[in-house]
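Good morning, colleagues. Please look at the sequence and the model on the screen while I describe a few of its local features.

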Amino acid sequence: MRVRCLLALALAASVPALAAGPSVSVPLRPDIAHPTTRFEGWGTALAWFANVTGRWPLAQKQHLADLLYGPDGLGFTIARYNIGGGNPAGTAPFSQPGADVPGFWHLPSGDSAHAWNPDNPAMWNRSADPGQRWWLEAVRRRVATPIFEAFSNSPPWFMTVSGRTSGAAKATQNNLRPGMEDAFASYLARVVAQLQLREHIRFRTLSPFNEPDTDYWYLGNRQEGSHWSPALQANMIDATAAALKRQGLATVVSAPDETNSHLFLKDWAAYPPATRRRVGQINVHSYGTVHQTGVRDAARAAGIRLWMSENDTPLRGDPENFQGMASPLAFAEHVVLDLKRLQPAAWVFWQAVENISARHGRGGSNWGLIKTDLLAPADTVHVLHITRKYWAMAQFSRYIRPGYRLIPVQDMDTAGALSPDGRTLVLVHVNGGITPRRLGIPSGWHGIAILTDAHHALACGNRMYAPPRSIVTLVLRRGSHAPHCGTHP
């Protein structure tokens, strides 16, 4: 394992000495003898930010791709590609920058939307979505073994009840037109097949809907979305599995990408047994944390891989602040608890790059890891603001690597993982309080501590110590061959 301790410019390069005043001792008790899930990696949805930044000047988008997928960036290995639904021509654009991801369909002039025929080559626009497609190649070039997933937020407009991809007139109404499951499944499967052929990648999974059994999606919303009842979800899973098989693809269905665990359990319980068997990967988001161990158990009982496939957790009400620690600490605590309770095989961020949101005297928010002006013309110089949340993400993604096994840790503020050879132990600890903590590590293990707080970004030292309001990653080895800063143990 390569230990990377690169720092942000102008930030201190070592962990500070023990602060004056009282501290508390926090023993970290990892259960090394009972590793759990084999971890596959970290990643992000491409979707909106890739739709925009994939059209930037080459040098600028290459730099951004390095920050996310490069070995000296976050080291992401997973990308979720959004298959756009697409509204009719002349529809006002969504207010979320980049959310108008184009569909791959084409309706020749004068043709009725109901006449769209997937078997007619004239009904396809194979050159659509150049922004996201650039990112597929960028990920492939940077990651030795990337994992690609395709996902959909809405059917194309001509397959919907409302005639728009933002949702039905009522947020609790299904928006797929009755009887259109096979047509929509064929659309998704053919897009996957064409992208694989043209971009020289492989989509391991395809998720046909997103946060389905919610009241989030309604006509005139800011983004694509569609409500799906559990019964309609099951029908769509069956249709998608059949469409993938007809295309001769190894891609399998992932589902249901529900917004939280308690709604996932409602969806999953309603699927017929045959439908559950057609799901090759369970996806759940973690915008709520109730019943997460129930999802873990459902996945284990079914023998299906589980992903935490979408989250971003800025602190509610925290004004936009690129260097503030309130949202990074809330985010890091959330990741720790997801790893401990869900024990997922992957953890995937929502939008790694978000639009600068504090404008016109408004406070904005801290969504995203990197902030930029996504509304600026594509050919301009784009300023990237690397936030403290980016470094908080790096505390996990740089050190808990694909192939590591998650391990239980008794301390509630600490997540742990063990390298495939059992020789490297990684513990990520979040101290959201105002009291310093002395971290007690298992006997016989030695190593380094990487720190992010208000004054440091991935600062490396050898004190097993968590200052107030900090995130600390311990990289430990047994015996005398312990890692140290600047080496490759």
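Predicted model: local features only at pLDDT ≥ 70, side-chain atom pairs only at ≥ 80, totals over all residues.

In helix H6, Ser261, Phe264, Leu265 and Trp268 meet Gln292, Gly294, Val295, Ala298 and Ala302 of helix H8, where contact means heavy atoms within 4.5 Å. These residues comprise 6 nonpolar, 3 polar and no charged; Ala, Val, Leu, Ile, Met, Phe, Trp, Tyr, Cys and Pro count as nonpolar, Asp, Glu, Lys and Arg as charged, and the others, Gly among them, as polar. Helices here are DSSP runs (H or I, at least four residues), strands are E runs of at least two, and both are numbered from the N terminus.

Residues are numbered from 1 along each chain as its sequence is written, and side-chain values use heavy atoms, with hydrogens and water left out.

The axes of H6 (residues 261-270) and H8 (residues 292-302) come within 8 Å and cross at roughly 35°. Axes are lines fitted to C-alpha atoms, for helices over the stretch in contact, with angles from 0 to 180 degrees between N-to-C directions. This crossing is left-handed: the near helix is turned anticlockwise from the far one by less than a right angle, whereas clockwise would be right-handed.

H3 (residues 130-142) and H4 (residues 181-199) have axes that come within 11 Å and cross at roughly 55°. H3 is therefore oblique to H4; angles under 35 degrees count as roughly parallel, over 145 as roughly antiparallel, 65 to 115 as roughly perpendicular and the rest as oblique. The crossing of H3 and H4 is right-handed. Arg133, Leu136 and Arg140 of H3 meet Leu195, Arg198 and Glu199 of H4, a set of 2 nonpolar, no polar and 4 charged residues.

Finally, which cysteines does the disulfide join? Cysteine 460 is linked to cysteine 485, with an S to S distance of 2.0 Å; the criterion is a pair of cysteine sulfur atoms within 2.5 Å. Cysteine 460 lies in strand S18 (residues 459-461), and cysteine 485 lies 25 residues away, in the segment after strand S20 (470-478). The link is left-handed, with -90° about the S-S bond. Cysteine 460 is buried at 8% relative accessibility, whereas cysteine 485 is partly exposed at 32%; buried means under 20% relative accessible area, exposed over 50%, and partly exposed in between (1.4 Å probe, protein chains only).
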